[in-house]
Amino acid sequence: MLNAPANAAVAPRPSWRARLQHLPRDTRDTLFLLVVIGWVILPQVGNLPVWCVALAAGVLLWRGWLALNNKPLPSRWWLAGLLLITMAATWASHRTLLGRDAGVTLVVVLMALKTLELRARRDALVVFFLGFFAMLTNFFYSQSLLTAAAMVIALLGLLTALVNAHRPVGQPSLRESAAMAGKMALAGAPVMLALFVFFPRFAPLWGLPSDAQAGKSGLSSRMEVGSMAQLALDERVALRVKFEGAPPPQNQLYFRGPVLSRFDGRNWTANASGDGLGATTFAPGPADLQVSGAPIRYQMTIEPSQQPWLLTLDVAPKSPEMPEGRRARMTADMQWLTYRPITDLLRYSAESYPDYRYGLTGWDGRARPNLREYLRLPPGLNPRTQALADQLRTQLGDADAMAYVRAALERLRTGGYTYTLEPGVYGQNTADQFWFDTQAGFCEHISSAFVVLMRGAGVPARIVTGFQGGELNGVDGYWTVRNADAHAWAEVWTAERGWVRVDPTGAVSPGRVGQFQRLRAPDGMVAGALGTLSPTLLAQLRATWEAVNNSWNQWVLNYTQSSQFNLMQKLGFSSPSWEDLVKILAGLLVVGAVGGMVWARWERSQQDPWLRLLHTARQRLAQAGIATAPQAPPRELMRAVAESDLPPDLRADLAAWLQTLERQRYAPAGNGGAAASLATLAREFQQMAWPRPERPAPT
């Protein structure tokens with residue numbers, strides 16, 4: 001055996017792109033389809049069980065390895081075993097095989113398993129349509145602009161694979177199939193737009209409720225001292241507000257949420273006992289509510305919270321205007337609630353009055369309110385705070401409630417208290433630790449210690465949670481309120497005004513309320529680099545993106561039936577109804593169909609008349625049983641006719657006719673003569689005596 005010379009050149013290994021270009025067509029198409037399926041599944045990773053993601057990824061990688069190495073597909077016993085494992089795991093994860101989450105899990109796994117039996121085109125078609133359905137399930141969890149953009153890419157990928165599967169001859173490039181898929185999508189876009197605008201809406205577009213009250217970051221009907229620090233690090237959008245006219249000052253932007261009155265020493269919870277003014281769940285709104293001054297009108301878009309709370313500015317005496325099918329009610333604590341949790345993006349209009357008074361009578365407007373609930377404290381806890389309250393009572397005596405409030409706020413301003421997200425670990429005596437030990441805390445530490453002190457001094461008090469502040473987006477004019485703006489403040493009861501808002505956090509950190517200087521989490525690596533490069537660039541990019549995303553929310557996700565009727569009124573309908581929507585949609589579809597027919601006829605007229613006549617001849621020969629290639633020229637048709645079993649006279653006429661047709665293409669006598677000769681040839685071809693097909697003899 002001869003050894004290769006030491007200086008022999010080693011052939012360079014081809015690049016991965018070159019290797020992909022030389023793959024067999026079946027392998028290439030299979031790998032492309034697997035990539036598209038992976039893209040469809042990718043946005044669902046956070047919503048699927050871990051085993052489902054691992055199984056789907058493993059199956060897709062396995063199928064890709066089989067295609068690259070030209071290995072046989074697994075037997076049906078393998079598939080049956082994996083299917084049983086999938087069903088059992090789905091049941092173990094969701095305790096059901098029905099519902100949204102279980103259904104999506106099954107669809108994803110079945111789509112992945114189906115790739116292991118891609119033996120024929122019909123199997124591929126099943127995978128395609130499973131992919132289309134799995135693509136839609138992404139919108140069950142998120143209808144954001146990013147999700148929509150990802151699904152448009154997935155749609156084009158699935159259409160490309162579908163077009164490619166219907167081109168069985170040769171090895172067409174994926175670029176050509178993608179171009180054809182893009183044209184198909186553009187051709188269907190007008191129909192899609194008409195259906196979106198005019199198809200009657202009887203419910204929200206994606207009204208499928210969640211399987212459970214899934215955990216969402218945001219407010220809660222329970223506040224554990226120290227828990228809101230997690231929200232302060234969450235920069236996700238909670239709601240957006242658009243004011244009609246000049247917005248109120250930032251220190252008046254209090255969006256009211258749950259009211260908490262029960263305290264066990266560490267946890268504040270809402271009172272649902274039904275005893276008068278504290279019944280946040282069942283009692284109706286206060287009968288003695290009085291408002292004055294000019295109202296503030298605004299539109300609010302609230303993100304899904306899985307809670308029934310309609311956040312409004314203090315205070316909204318009228319029910320917010322919501323989409324058809326939703327109603328709201330006010331509690332005795334001035335909080336608006338819907339009758340079902342908010343599981344989708346919700347837009348509503350409201351009207352609030354900053355100047356108000358309520359709480360001087362009971363919920364029925366007759367008796368004095370029962371204030372015992374707002375004086376209760378857990379026995380034996382926070383003894384030093386109680387001693388401080390006794391000291392205040394000795395100093396102030398029978399002074400009104402606001403005198404006690406001013407004394408407590410003065411202590412917060414001058415006592416060295418600080419506003420921080422890291423106040424340390426709090427024990428059972430949370431108020432004592434804040435007033436005398438750490439002297440530092442976040443809004444719930446401050447408001448909790450303040451309310452405990454007020455109750456100890458005999459002043460009825462409670463905690464209100466919600467959001468405070470907001471930042472104006474200069475691009476679209478909306479105020480953006482984030483989870484980081486979650487806030488807790490206090491309300492005290494006075495004999496002159498009823499319930500009065502007091503924000504003790506403003507005494508510790510005026511910038512948190514007045515100038516909106518909240519604590520924020522540090523930026524990530526990319527955001528930090530952009531901020532270092534240009535301090536305003538990051539803010540501008542963020543504002544632009546949020547404005548674009550907000551436009552998507554307002555014009556697409558919140559396109560409701562009322563929006564349709566408003567559009568129809570602008571089109572001239574005085575009292576639009578869903579029947580009018582159906583008529584408009586039907587009319588548009590008819591106009592579109594007629595337009596398509598006219599366009600097809602025009603396109604046909606633009607085709608070369610000679611090619612059209614040659615195509616007619618091929619079709620007629622195929623009906624006579626003479627098969628020819630789609631690109632066969634007249635001379636090849638002449639050979640096929642000569643070898644056929646047609647009658648001799650017809651074969652001679654056809655040969656002469658095809659020869660004349662060929663001369664007209666390649667040796668025309670002139671433009672006018674060529675056109676006239678083609679018309680004559682068309683008539684001669686129609687007048688030829690073709691044999692009639694024989695009918696089968698009756699049995």
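This is a predicted model: local features need pLDDT of at least 70, side-chain atom pairs count only at pLDDT 80 or more; totals for chains, interfaces and linings use all residues.
Colleague: Which helix gives the largest share of the nonpolar patch?

Modeller: The patch lies on the surface and is formed by Leu83, Met87, Trp91, Leu97 and Leu110, with about 410 Å² of accessible area together. Its largest share, 3 residues, comes from residues 76–94, that is, from helix 4.

Colleague: Is tryptophan 91 buried, partly exposed or exposed?

Modeller: Tryptophan 91 belongs to helix 4. Buried requires under 20% relative accessible area and exposed requires over 50%. The relative accessible area of tryptophan 91 is 46%, so this residue is partly exposed.

Colleague: How are the rings of phenylalanine 263 and tryptophan 268 arranged?

Modeller: The structure holds 13 aromatic pairs. In the pair of phenylalanine 263 and tryptophan 268, the ring centres are 4.3 Å apart and the planes meet at 20°. Planes under 30 degrees apart count as stacked. Because the angle is 20°, the pair of phenylalanine 263 and tryptophan 268 is stacked.

Colleague: What is the angle between the planes of tyrosine 356 and tyrosine 358?

Modeller: Tyrosine 356 and tyrosine 358 are both buried. They form a tilted aromatic pair with a centre to centre distance of 6.4 Å, and the angle between the planes is 35°.

Colleague: Which residues do ring pairs link into a cluster?

Modeller: The cluster is held together by ring pairs. Its residues are Phe243, Tyr298 and Trp479.

Note on methods
Residues are numbered from 1 along each chain as its sequence is written. Side-chain values use heavy atoms; hydrogens and water are left out. Patches are made of residues with over 30% relative accessible area and no salt bridge: like charges are joined within 9 Å, nonpolar side chains (Val, Leu, Ile, Met, Phe, Trp, Tyr) within 5 Å. Accessible areas come from the Shrake-Rupley method with a 1.4 Å probe; for residues, only the protein chains shown count as cover. A salt bridge is a side-chain nitrogen of Lys or Arg within 4 Å of a carboxyl oxygen of Asp or Glu. Helices (H or I, at least four residues) and strands (E, at least two) are DSSP runs, numbered from the N terminus. Buried means under 20% relative accessible area, exposed over 50%, partly exposed in between (1.4 Å probe, protein chains only). Rings of Phe, Tyr and Trp (its six-membered ring) pair if their centres lie within 6.5 Å; planes under 30 degrees apart count as stacked, over 60 as edge-to-face and the rest as tilted.
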